[in-house]
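The sequence and model come next.

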Amino acid sequence: EHSGDVSVGTLKFVISLYLECAHSFKSSKYSLRAFNLFKEMNKKGIRPDTGICNSIITSCLQHGLWKQACRVFGQMISMDVVPNMKTFKHTIIACTNADQTKEAIRILRYMKTKGVKADAETYNEIIFACARKQKPKRALRVLDEMYME
């Protein structure tokens, strides 16, 4: 596959280099560069794979970039790239770390519609984020959902 003059493999490689720099230098600017390159791929109609999306989402999670993590997740869905447990979990945790409990719950519910079961850690992240935000009713609803599964 090629996109203009640059192969898809090259684009994925450059994204992975940015992500490695983000991890090594503990800097969100490289996560943002990877995210921006991901956006460019999408504009050109290049379909990413689950692995590269997961890598970007994980890097966004590690650097507090919850909006970008959600955008990558949303692009995956719109491009029919199948999310896996890691995709859901890391996007949810990116949201809960930023106290975006409604978004985390929305993703959890979408996850269930796709037949992917959340693990206890994912539920705990949401429940504790609800508690931090002083939303006990929301936390109890999520707890009930966990036990109904």
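Is Tyr-110 buried, partly exposed or exposed? I looked this up and found that Tyr-110 counts as partly exposed, because its relative accessibility is 24%, where buried means under 20% relative accessible area, exposed means over 50% and partly exposed lies in between, with a 1.4 Å probe and protein chains only.

Before going on, I noted that this is a predicted model, in which local features need pLDDT of at least 70 and side-chain atom pairs count only at pLDDT 80 or more, while totals for chains, interfaces and linings use all residues. Residues are numbered from 1 along each chain as its sequence is written, and side-chain values use heavy atoms, with hydrogens and water left out.

Entry on helix H1. Helices are DSSP runs of H or I with at least four residues, numbered from the N terminus. I checked the length of H1 (residues 8-25): at 1.5 Å a residue its 18 residues should span 26 Å, and the end C-alpha atoms are 26 Å apart, which agrees; the expected span is 1.5 Å times one less than the number of residues. I then listed the buried residues of H1, which are Val-8, Leu-11, Ile-15, Leu-19 and Ala-22. Seen down the axis of H1, these buried residues fall within an arc of 75°, so they line one face of the helix, the arc being that of the directions from the helix axis to the C-beta atoms. An α-helix has 3.6 residues a turn, so residues three or four places apart point the same way. Just after H1, I found Lys-26 with a positive phi of about 50°.

Entry on aromatic rings. I counted 4 aromatic pairs in the structure; rings of Phe, Tyr and Trp (its six-membered ring) pair if their centres lie within 6.5 Å, and planes under 30 degrees apart count as stacked, over 60 as edge-to-face and the rest as tilted. Phe-25 and Tyr-30 form a tilted pair, with 5.9 Å centre to centre and 45° between the planes. Phe-25 counts as exposed at 53% relative accessibility, whereas Tyr-30 is buried at 16%. Phe-88 and Tyr-110 form another tilted pair, at 6.2 Å and 45°, which links distant parts of the chain, since Phe-88 sits in helix H5 (residues 85-97) and Tyr-110 in helix H6 (residues 101-113), 22 residues apart. Phe-88 is buried, with a relative accessible area of 0%. Ring pairs link Phe-73, Phe-88 and Tyr-110 into a cluster.

Terms used: Helix = DSSP H or I, 4+ residues; strand = E, 2+ residues; numbered from the N terminus.
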